[in-house]
Every structure is written in structure tokens, then in C-alpha cells.
Amino acid sequence: MMNDELYMKRAISLAKMATGHTSPNPLVGAVVVKDNTIVGEGYHHKAGEAHAEVHALDVAGDNARGATLYVTLEPCAHYGKTPPCAKRVVESGIARVVIGSTDPNPLVAGKGIQILKDAGISVATDICADECIAMNEHFFTFIQTHKPFVTIKSAMSLDGKIATFTGQSQWITNESSRKDGHILRASHDAMLVGIGTILADDPLLNCRLTKDELYDAIIDETIDNTLEIHQPDIIILDSQGRTPIDAKVFTIPERKVFILVAKGCSQERRNALVNAGAIVEEIPTKSVRQGHTTDVAVNIKKIDIEACLIYLGKLGYTSILVEGGSTIISSFVEAQAFDKMITYIGNLVIGGIKSTPAVGGTGFATLNTAPLLEFTSTQILDNNIRIESYRRGREGSYVYRHR
């Protein structure tokens, strides 16, 4: 009797070896099993290269005939940069295919399974489905909305502050929380911040984990550690192009730095930023009426978040990690343009009406207009708290388990 979950968990761990490197493709792992022995395995390394099933079947060779193939995602049924995997599976002589999750991509969406069944191959689905879906929630959202999956990450005190009234913010959370945050950086295509963060902190905005630290955090099986740390590209919302040309974000090699500006940004500033190594793109703005603390309403124009996400989607980014600060996070919250929130709560209370809140901006006038969240997990990280939640009613949620 085959232990389907055992072999699927192996395939999941294999898939995660490519964390951060497959965009705009999904993470996929595959294992070929014959007589309760693994005879081939592999994973999709990066877009444009062989898919997981091909790697596993190549290793298995003739042993694939009559064997069982475990694959975390439904085999593709279309010609893209590579031939359809479903047909390769049929040609290999595989007798049974066990699938973790089906593929919402309209080019696949059950077609791969149908090819297998038409060839007389036995197919089982939804094995370790929750894990397979969670692993590819970025891809599943992107393929349905053509916009990246947006995760908002923030680190705050118990009373929701990210800095004291004097501006001190390092460190509100502990080292365990900060390491967990670096796992998020490694697993997202790009990080997004506002010009305020760049001017205040001049951060590197890179993943500072070792490959062994990332391996220990995400891999559940014993696999040779071939992980490579993904350094996310950087996106800075900077209407006037005020990013310093010697900012530290330009010093990390082999990543792109996008500076999204508004129409009013001068050509001189745009040229300077391009010369510094940035990709400068003008994004439409949107009026944000503010003035609830005065008798005069002030009309402020900010970069349109929806237009920003459409632009990033066209570039093929499947996931964006929004790290703030307070103003940028509020822009995404008020636009209800986020899918997930990861919140780290430090073990202190800052207080003060002039301290910086985690979510600034204007806020919502009524409770029934504020976004509702679905809490999915809480975790204690050495006396800090990690809370994971999803926005209810978000666009492109996957069909399984209300993801």
C-alpha cells in the first residue's frame, strides 16, 4: 500500500528548493515511486527550464513504466516555453498520478488531468492540498488577476506603534521575528517601500539569511541543500524622485530597483536615478482627500496603488512584499489592495498619540467600510507574536479552502 502523503510531502519539499526563483511560474516538485522505492525526483528550477515532472522522469528512465508519479501541481497541458508535461507523463508509461492541487491557469484547469485519464492513467487529486495551495498562493492569485499577490508585513508594539514620538524604531521586535521576516523577503519577487523609509533609514532591503538558515526554516525532508538565496527586486514609491543616488538599495548586485514616480517628477531627477542604476517609471496618481484634523480639506495626490499593481503584473511579478512604512502601508490598506498580512508584535508598549502607528493615512470613517480579515495562524517567536491573516473577499482567491 502506497503512502501518498509521505511521497507528496517529499515532492513539496523538493518544490521549495526553488523558493523565490520560479516566477512567473509556480513552485512544483515531483517524485516517481515504484515498489515503494523512489526511482526519480526533481523540481522546477526557474521559468523557461524543464518542469518538475520532466526532471523526475528523466532520472527514473525505464523505471517510470508502471510506476506512480507524485506531483504538487496538475501537469500542464499546453505548449509554452516547454512542451506539455501531461503528454510526457503519458509517454513515460506511468500507471498512476497523484496530484496535490489542480491548476487555476485557464490553459491547464483540468485539461492536464483529462489527458492523463484519456490515456488510461489512474489519477488521484487533493493529496496534501492545503500545503500545495499555500505554497503557490502567489502564482494562483497572479494567474487569475494578472496582478501580484500582495503581502503587507509590519513589526509593531503591542499597542500598534512602529516608532516612538522621537522616531526611534530599532528594535521593536526580536531577532527571531526579524529572521522570520527575512524568509518573507526570500520568498517574494519584490519588496515595496515608500520614499519615507529610504530617507529615514537608508536600508539595504535585502535577505540576510544564509542558505542553511532558509533550508532549516522551509524544508521538512532531508535533501541536499542546493538552495540559492533569492534577493527580491526593490520598488520605491517616490512621487518626486527624491531617492538619493548613493542610497544603499543600489549596492546589492543582480537585482532591479524600480522607482515609481509621478508626473511632476523632473526629468533631471529621473535621469539622475537612471544613472544610479534605477528603472524609473511614471505611474498615474490619485487624489486622496485629507484634512480631518483641520477645517480645510487638503487634496493630496498619491501614486495610484491599483495602477502600480497593474504595471508590476505586466512585468511578471507574482508577489510583492510591502514593508512600509506607515504611509505606504496605509495606502495599500485604504485601497484594499492586499491579500495577506504578516504582523509581528514585540513585547513592549510605546504609547503616545504622536508615536508612529503601523497604519497611518486617513483611515476609515466607518467600521463596515474597513477591510475584514480572516486570521489563519498565530505563533510565539521567543516572546514575540506572529499573526497571519488574509483579507476577506480578496480578488483571485483560489477555489480550494477559500484561499
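# A tour of the predicted model

Start with Thr22, in the loop between α1 and β1 (29–34). This is a predicted model. Is Thr22 buried or exposed? Its relative accessibility is 5%, so Thr22 counts as buried. Show its side chain. One of its polar atoms lies 3.4 Å from the backbone oxygen of Pro26. Now display what Thr22 touches beyond four places in sequence: Leu27, His44, His45, Lys46 and Ala47.

**Ser92**

Select Ser92 next, in helix α3 (residues 85–92). Ser92 has 13% relative accessibility and counts as buried. A polar atom of the Ser92 side chain is 3.3 Å from the backbone nitrogen of Ile94. With neighbours within four places in sequence set aside, Ser92 is in contact with Leu57, Ala64 and Arg65.

**Aromatic pairs**

Switch to the rings. How many aromatic pairs does a search of the whole structure find? It finds 4.

Select Tyr7 and Tyr70. Their ring centres are 5.3 Å apart and their planes meet at 40°, so this pair is tilted. An angle under 30 degrees would count as stacked, and one over 60 as edge-to-face. The pair links distant parts of the chain. Tyr7 belongs to helix α1 (residues 4–16), Tyr70 to strand β3 (residues 68–73), and 63 residues separate them. Colour both by accessibility. Tyr7 has a relative accessible area of 9% and is buried. Tyr70, at 0%, also counts as buried.

Move on to Phe139 and Phe140. Here the centres lie 5.9 Å apart and the planes are at 55°, so this pair is tilted too. Phe139 is buried, at 6% relative accessible area. Phe140 is buried as well, at 1%.

Then pick Phe258, Tyr311 and Tyr317 together. These three form one aromatic cluster.

**Charges over rings**

Select Arg178 with Trp171. The charged end of Arg178 sits over the Trp171 ring, 4.4 Å from its centre. Then go to Arg391 with Phe338. Arg391 lies over the face of Phe338, at 5.7 Å from the ring centre.

**Strand β6**

Hide the side chains and show strand β6 (residues 149–156). Why can β6 be called largely enclosed by the rest of the structure? Because 7 of its 8 residues are buried.

Now find its partners. Strand β14 (residues 319–324) runs parallel to β6, and 4 bridges join them.

**Confidence**

Finish by colouring by pLDDT. The chain has a mean of 89, and 92% of its residues reach 70 or more. Which elements mark the two ends of the range? Strand β10 (residues 257–261) has the highest mean among the elements, 97. Strand β13 (residues 298–303) has the lowest, 68. Last stop: residues 294–299. The pLDDT over this stretch is below 50. Beyond near neighbours in sequence, the stretch has 12 contacts in the model.

Technical notes: Residues numbered from 1 in each chain as written. Predicted model: local features only at pLDDT ≥ 70, side-chain atom pairs only at ≥ 80, totals over all residues. Heavy atoms only, no water. pLDDT = per-residue confidence, 0-100. Contact = heavy atoms within 4.5 Å. Phe/Tyr/Trp six-rings, centres within 6.5 Å; stacked < 30°, edge-to-face > 60°. Buried < 20%, exposed > 50% of the residue type's maximum accessible area, 1.4 Å probe, protein only. Lys NZ or Arg CZ within 6 Å of the ring centre and 35° of its normal. Pairing = 2+ DSSP bridges. Polar contact = N/O pair within 3.5 Å; in protein donor to acceptor, adjacent residues only side chain to side chain.
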